[in-house]
Amino acid sequence: MKKLFLLTTVGILAASCSSSDDRDAAEITNPSASVATHDVQSFNANAKTNTFTLYNLRDNKEVDSTQINTDKWDIGFNKTTIIINGGSARKGKGGAAIVKGAFDEVTKVADNTEFKVDNGNTNPNLAITTGSGKGWYTYNMDTHAILPTAGNIILVKTADGKYAKVQIKSYYQGAPTTPAMTDVSGYYTFKYALQTDGSTVFSK
C-alpha cells in the first residue's frame, strides 16, 4: 500500500509540473496570450488647474489625484494635456512615444522606440507634446473641434516598466462621431492594450 501511495503522489507531481511547463512555454511562444485589452468610456479629464485625473492601466481604474507623487498610476489627464508617470517630475518608471499606424497594426514596441519622459507639467517638459498637430490631437478650425489625430497611437511604458498601446477615440462626453460646439469636451474615450508579462509584443 505504501508503494502504491508513493507512485500515485509522484504521478500527480509530474502531471502538475508538466501543466505548468506547458503554460509557461505557451506564454513564451505566444506573448499576445498575456495582453489585456480595455475600452474606457468618457473618462472625465476636466480637472482643476495644476491637477490631473489619473489612471492606472495595470488595474484599469481611476486613481485619486492626491496620489500623483506615487507609482500607483500610469497616465494622467487635464483637458488636452496628458502626463506620464516617468521622468524627474514623477515617481514611476514610465515614458511615452507616439507612433503611426492603426491600433491593430501596432503589434510590438520597436527596438529603436524613443520613450520620452515628463520633467515638468507643461511644455516643453512633457513626454506627449500639447498643441494642435504636435501630439495626440488636431484642432479643426472650421468646426472648432478637438479631434484625435488619425493614425497616432501612444505607446506607454507604465510606472512599473511594462508596455501598453493607447488609441484615443474621442475628447467629448458620449464620444459623438461628429462633435458639435454644444458637446461637452474634456471626456476621453480610449482603447488600450497592456502587455502584462513585460514583453514588448502585443500580437503576432
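Two strands count as paired if DSSP finds at least two bridges between them. Strands are DSSP runs of E with at least two residues, and they are numbered from the N terminus.

## Basis of the model

This is a predicted model, in which local features need pLDDT of at least 70 and side-chain atom pairs count only at pLDDT 80 or more, while totals for chains, interfaces and linings use all residues. Residues are numbered from 1 along each chain as its sequence is written, and side-chain values use heavy atoms, with hydrogens and water left out.

## The five-strand sheet

Five strands form an open sheet in the order β1-β11-β10-β9-β6, and the pairing is antiparallel. At the edges stand β1 and β6 (95-100), each of which pairs on one side only. From one strand to the next, the twist averages 25 degrees; axes here are lines fitted to C-alpha atoms, and angles run from 0 to 180 degrees between N-to-C directions.

Strand β11 covers residues 185-195. Strand β1 (residues 35-44) is joined to β11 by eight bridges, and the two run antiparallel. Strand β10 (residues 163-172) also pairs with β11 in the antiparallel sense, over eight bridges. Most of β11 is covered, with nine of its 11 residues buried, where buried means under 20% relative accessible area, exposed means over 50%, and partly exposed lies in between (1.4 Å probe, protein chains only).

## Asp 39 and its surroundings

Asp 39 is a residue of strand β1. Its bridge partner in β11 is Lys 191. His 38 stands opposite Tyr 192 in β11.

With a relative accessible area of 46%, Asp 39 is partly exposed. Leaving aside residues up to four places away in sequence, Asp 39 touches Lys 169, Phe 190 and Lys 191; contact means heavy atoms within 4.5 Å. Asp 39 and Gln 167 are 128 residues apart in sequence, and their C-alpha atoms are 9.7 Å apart in space.

## The four-strand sheet

Another open sheet has four strands in the order β3-β2-β4-β5, with antiparallel pairing. Its edge strands are β3 (61-63) and β5 (81-84), and each pairs on one side only. The twist averages 30 degrees from one strand to the next.

Strand β2 (residues 53-56) and strand β4 (residues 75-78) run antiparallel and are joined by three bridges. Within this pairing, Thr 53 stands opposite Phe 77 in β4, and Tyr 55 has Ile 75 in β4 as its bridge partner.

## Strand β4 and its hairpin

On its other pairing, β4 runs antiparallel to β5 and is joined to it by four bridges. Ile 75 has Ile 84 as its bridge partner in β5. The two strands form a hairpin with two residues between them, and Lys 79 in the turn has a positive phi of about 55 degrees.

Both faces of β4 are covered. Ile 75 and Phe 77 are buried on one side, and Gly 76 and Asn 78 are buried on the other.
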